[in-house]
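This report describes selected local features of a protein model, with the criteria behind each term. Please read it alongside the sequence and the coordinates.

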Number of protein chains: 2
Amino acid sequence: MKSNLRLVKTNLLIVFILIAANAIAQNDPLPSWNDGAAKKAITDFVARVTKDGSPEFVPINERIATFDNDGTLWNEQPMYVELAFTFQQIAKMAPQHPEWQTTQPFAAVLHHDNKALAASGDAGIVKLFIATHTGMTTDEFARTVSDWLATAEHPRFHRLYTQCIFQPMLELLAYLRANGFKTYIVSGGEQEFMRPFTEKVYGIPPEQVIGTQFKSQYKINGGAPEIERLPEVLSLDDGPGKPENIERFIGRKPIAAFGNSDGDIQMLEWTGSNTRPNLELLVHHTDADREYAYDRQSTMGKLDKGLIEAAEKHWIVVNMKADWKTIFPSATVQ
Amino acid sequence: MKSNLRLVKTNLLIVFILIAANAIAQNDPLPSWNDGAAKKAITDFVARVTKDGSPEFVPINERIATFDNDGTLWNEQPMYVELAFTFQQIAKMAPQHPEWQTTQPFAAVLHHDNKALAASGDAGIVKLFIATHTGMTTDEFARTVSDWLATAEHPRFHRLYTQCIFQPMLELLAYLRANGFKTYIVSGGEQEFMRPFTEKVYGIPPEQVIGTQFKSQYKINGGAPEIERLPEVLSLDDGPGKPENIERFIGRKPIAAFGNSDGDIQMLEWTGSNTRPNLELLVHHTDADREYAYDRQSTMGKLDKGLIEAAEKHWIVVNMKADWKTIFPSATVQ
């Protein structure tokens, strides 16, 4: 059985990687984190739940960690990456939609009229999302997203959006996985907008990516099955939608949850109610020089009630400026 | 780092288990399957997709296998196990609902009036499901299901329902996993009815169980977060709902799919459209002596169009009577 021998080899390889990882870890599993309360809380927690025979030991199959994406794993200013994608898609699709020149909220996007766009409110944003995210097959949408991400750059950092990810969080993902955690994304972003890049960029496979979902419809087109994305939201994965979808997709309560905005509060509350030892953390964007500084007044990633609840519930609040040595990966890996 | 050393040990253990499994596999990975076309098609397929360097090799992260549950992994006659649960719950809850004595479809269940029950149709069944499956928290429902499964027995086989599982399919699940496959359940049954037992009984963890889903609502009750099950179906995981939910939950097309009824056709079609080598299989219940014989005329697990499509598309059709040496596990493991 060649295939089993292959698995034996794979597992021997894992053993050697783990031995190597162990050697590195003894130096520092989180080299981009400054020594401080946040880093210590993380490493102490991992030590507690992985200590064999301890009453706080958590079996591997219950080591679920959930991460918000926008503002937690990658940059979300001056606007959510998915919103930048949406606006650029509207511009690209406009020639086929002459009516958009005089119809809101499309006209606002095409004429860079932020006042009119703001006036269109959440309902306006949903219309833009539906126009750009639905009415095609799942395969077609994945290709459109992949093509866009291959060249789209951040307006300030002039690097690909997929390189505007947070190096300290990449280390945290790897550190948790090296300790037997299964890492999930649980994001307000649309699920299929994330799946084309999360495996390569974060090491998170599509089946561990949970986000806002549109309804869909299976059909046969010219003999070939396809799934069409329908213009109606099935589930909004934000606020209370996060624990609801965690329960629906994973069916276990996480023991660790990471966010950065008020939309993550319920996910952290839910994780905090685990009878197992658990860890909750919010990234506070405090570094205007290296990234952005924002919280209570921000349109994107507003963090207001979260700071109050963090203080009450002893959630870890990362001070990006003080706690992180570096923000983005130095090597420009695609 | 104790935890990494622990993982090293775990992986060394996996290596030894795989070496042992390899030795057994060289004898026969599917001992409860008689030699024949079905068994050969399965083992040939696994050999092809796991052969390193072959053009048909499929990377481990794409080795997704999806299994229907009712009639594919466990018995579904004389009625779906979940329907038996539902009827018994109705009887148990009846004292608190005196109005059910005179209201359909509840009266039909309480008075064993199959004619009235049939007359209530699918809408009646949905009412029974809503009355027994919703209006409580996810934790409460999981406990109710676990308690019921701990003692509920099959009326003919006089063994626990969780022991009326198919031994050949248990071997198939283990064989695929030993070859790097990730095994999923994709069932018309309600998701949270399955999760309390699938990990122990099939080795399938809750995050790999996809089923019909009810809407839910996160809320804080006396300071504690909980998720309430709402009386409205979010997604029906049957027929076209199967590929729709596979795409939503897994985000990859399976390379192997296993079913037994017309409700599995679309899942098999979807899998068959994979550009990777792929395998589709239907279990045909042909053994009235050891289990049940049914197909085109059956109310539960009707298999009619599936047999036609199987012939056209060269899906494997398992003849239970001829292909399976044993039906249920001999040891009564709980």
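## Basis of the report

A contact, as the word is used here, means heavy atoms within 4.5 Å. The structure is a predicted model, in which local features need pLDDT of at least 70 and side-chain atom pairs count only at pLDDT 80 or more, while totals for chains, interfaces and linings use all residues. Residues are numbered from 1 along each chain as its sequence is written, chains are lettered from A and ligands numbered from 1 in the order in which they are written, and side-chain values use heavy atoms, with hydrogens and water left out.

## The surroundings of A:N274

A:N274 lies in the loop between α10 (265-272) and β6 (279-284) of chain A. Helices (H or I, at least four residues) and strands (E, at least two) are DSSP runs, numbered from the N terminus. When residues up to four places away in sequence are set aside, A:N274 touches A:K253, A:P254 and A:I255.

The side chain of A:N274 also reaches the backbone nitrogen of A:R276, at 2.9 Å. This is a polar contact, defined as a pair of N or O atoms within 3.5 Å; within protein, one must be able to donate a hydrogen and the other to accept it, and residues adjacent in sequence count only if both atoms are side-chain atoms. With a relative accessible area of 13%, A:N274 is buried. Buried means under 20% relative accessible area, exposed means over 50%, and partly exposed lies in between (1.4 Å probe, protein chains only).

## Salt bridges

Side chains of opposite charge can pair when their charged atoms come close. A salt bridge is counted where a side-chain nitrogen of Lys or Arg is within 4 Å of a carboxyl oxygen of Asp or Glu. Over all chains, the whole structure holds 36 salt bridges. One of them joins A:D28 to A:K39, with the closest N and O atoms 2.8 Å apart. This pair links distant parts of the chain, 11 residues apart: A:D28 is in the loop between α1 (2-27) and α2 (37-49) of chain A, and A:K39 is in helix α2 of chain A. A:D28 is partly exposed, at a relative accessible area of 23%, whereas A:K39 is buried, at 6%.

A:D44 is partly exposed, with a relative accessible area of 33%. In chain B, the side chains of B:D264 and B:K242 meet in a salt bridge of 2.7 Å, N to O. B:D264 is in the loop between β5 (256-259) and α10 (265-272) of chain B, and B:K242 is in helix α9 (residues 241-249) of chain B, so the pair links parts of the chain 22 residues apart. Both B:D264 and B:K242 are buried. A network of salt bridges links A:K182 and A:R252 with B:E199 and B:E207.

## Helix packing

Two packed helices are described by the angle between their axes and the distance between the axes. Axes are lines fitted to C-alpha atoms, for helices over the stretch in contact, and angles run from 0 to 180 degrees between N-to-C directions. The axes of α2(A) and α7(A) (residues 167-178) come within 11 Å and cross at roughly 15 degrees. That makes the two helices roughly parallel. Angles under 35 degrees count as roughly parallel, over 145 as roughly antiparallel, 65 to 115 as roughly perpendicular and the rest as oblique. The contact is made by A:I42, A:T43 and A:V46 of α2(A) and by A:L172, A:Y175 and A:L176 of α7(A).

In chain B, the axes of α9(B) and α10(B) come within 7 Å and cross at roughly 50 degrees. These two helices are therefore oblique to each other. On α9(B) the contact is made by B:K242, B:P243, B:I246 and B:E247, and on α10(B) by B:Q266, B:M267 and B:W270. B:K242 is also the residue that forms the salt bridge with B:D264.

## Backbone features

A cis peptide bond joins A:Q104 and A:P105, with omega about 0 degrees. A:P105 is in the loop between α3 (81-93) and α4 (106-110) of chain A. In chain B, a cis peptide bond joins B:Q104 and B:P105, with omega about 5 degrees.

A:H112 has a positive phi, near 50 degrees, in a residue other than glycine. A:H112 is in the loop between α4 and α5 (114-133) of chain A and is exposed, with a relative accessible area of 69%. B:H112 likewise has a positive phi of about 50 degrees and counts as exposed at 69% relative accessibility.
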